[in-house]
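Please keep the sequence and the structure in view as you read.

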Amino acid sequence: MGCTLVIDTSYGSTVGVVGYEPIIETDSRTHVEKLQGNIAHAIERSGNTPQDIDTIVVGTGPAPFTGLRAGIVTAKALAFATGATLIGQNILEPQAHWNLIRRKRNAAGSHVLTLAVNDARRKQLYFELCAVPAVGTDDEARTVPLIAMDIDYPTTIVDRVNTAIRDYAEAHGCDVDAIVVDVVGHGAGKYESVLRNVEQLGDIVDESVLDQPKNWSLFATLAIAQHAEHPDDPIEPLYLRRPDAEVPNPLKHVLNHAGAERTV
């Protein structure tokens with residue numbers, strides 16, 4: 001894999017060189033300020049220099065705007081300066097692959113689905129309902145979205161997932177009772193009382209693949225495999241929510257004068 005640096009700011013921040021333990025910041029109030037120092041420290045303690053980096057994998061979200069933007073801009077600047085290949089990876093789909101490893105469900109044909117989530121704040125979750133091939137199969141790096149990546153309120157997510165479970169059972173000719181749905185990702189614990197209404201619920205795990213000392217590099221492994229198949233995919237942040245900022249209305253009319261226009 002060469003020297004691969006991972007930078008993700010979709011929840012706090014995770015920075016590390018593959019093969020070494022990452023530096024994880026969970027405090028969203030300080031992770032941006034610490035980001036550059038953590039990158040330098042992670043590279044240094046791996047015994048490398050910035051010039052040794054040949055691949056940078058950056059998290060593209062989905063996540064709130066400010067923190068996510070900081071990570072992607074930093075990764076792009078570092079890739080430009082070093083000539084490293086820059087690869088984007090969303091945070092949700094690797095959760096499904098880690099969930100199979102976590103469960104040790106390696107047999108082909110097992111109906112373990114993953115509701116991958118990330119905290120979107122404002123009482124919402126980013127989410128994707130995923131199925132993945134069994135670990136050890138030829139297409140294990142592939143992800144099958146049963147509900148495409150989206151943002152919604154937990155109660156609505158539960159309704160959508162329950163409908164998708166029944167559709168999945170019908171499409172695969174299996175009994176609904178043969179399906180297990182695990183909820184994995186940051187934010188799962190915050191809304192656990194609502195998410196417990198998911199039919200065929202297995203585990204609720206308020207953790208990310210990037211939190212795992214042994215498996216965190218799976219994030220980079222999947223990104224590199226997918227990049228090999230789609231090398232021209234753009235590296236763009238996944239915000240999903242419309243921005244708060246809007247073009248303001250014209251200034252009010254003053255006596256006998258036309259309204260002045262604001263410039264943006």
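A70 counts as buried, because its relative accessibility is 19% and the cut-off for buried is under 20%. The model is a predicted one. A70 sits in helix α2, which covers residues 65–82. Beyond residues up to four places away in sequence, A70 touches V32 and L35. D8 is 62 residues from A70 in sequence, yet the two C-alpha atoms are 9.6 Å apart in space.

One cavity of 30 Å³ or more is counted. Where does the largest cavity lie? It lies between domain 1 (3–90 + 212–229) and domain 2 (92–207), because both give residues to the lining. The lining divides into three nonpolar, six polar and two charged residues.

Now the nonpolar cores. The largest has 23 residues, and L115, L129, V161, I179, V181 and L195 touch the most other members.

| Element | Residues |
|---|---|
| β6 | 112–121 |
| β7 | 124–131 |
| α4 | 154–172 |
| β9 | 180–184 |

Helix α4 gives the most to this core, with seven residues. Another core, of 22 residues, lies apart from it and includes L5, I39, I53 and A75.

Leaving aside neighbours within four places in sequence, I179 contacts H111, L113, I165, Y168, A169, C174 and Q200.

Notes:
Residues numbered from 1 in each chain as written. Predicted model: local features only at pLDDT ≥ 70, side-chain atom pairs only at ≥ 80, totals over all residues. Heavy atoms only, no water. Helix = DSSP H or I, 4+ residues; strand = E, 2+ residues; numbered from the N terminus. Buried < 20%, exposed > 50% of the residue type's maximum accessible area, 1.4 Å probe, protein only. Contact = heavy atoms within 4.5 Å. Core = buried A, V, L, I, M, F, W, Y, C linked by side-chain atoms within 4.5 Å. 1 Å grid on protein atoms, 1.4 Å probe; cavity = no way out; pocket = protein on both sides within 12 Å on 5 of 7 lines; lining within 4 Å. Points joined across faces, edges and corners; volume = space filled by probe spheres on them. Nonpolar A, V, L, I, M, F, W, Y, C, P; charged D, E, K, R; others polar. Domains from an automatic or database assignment.
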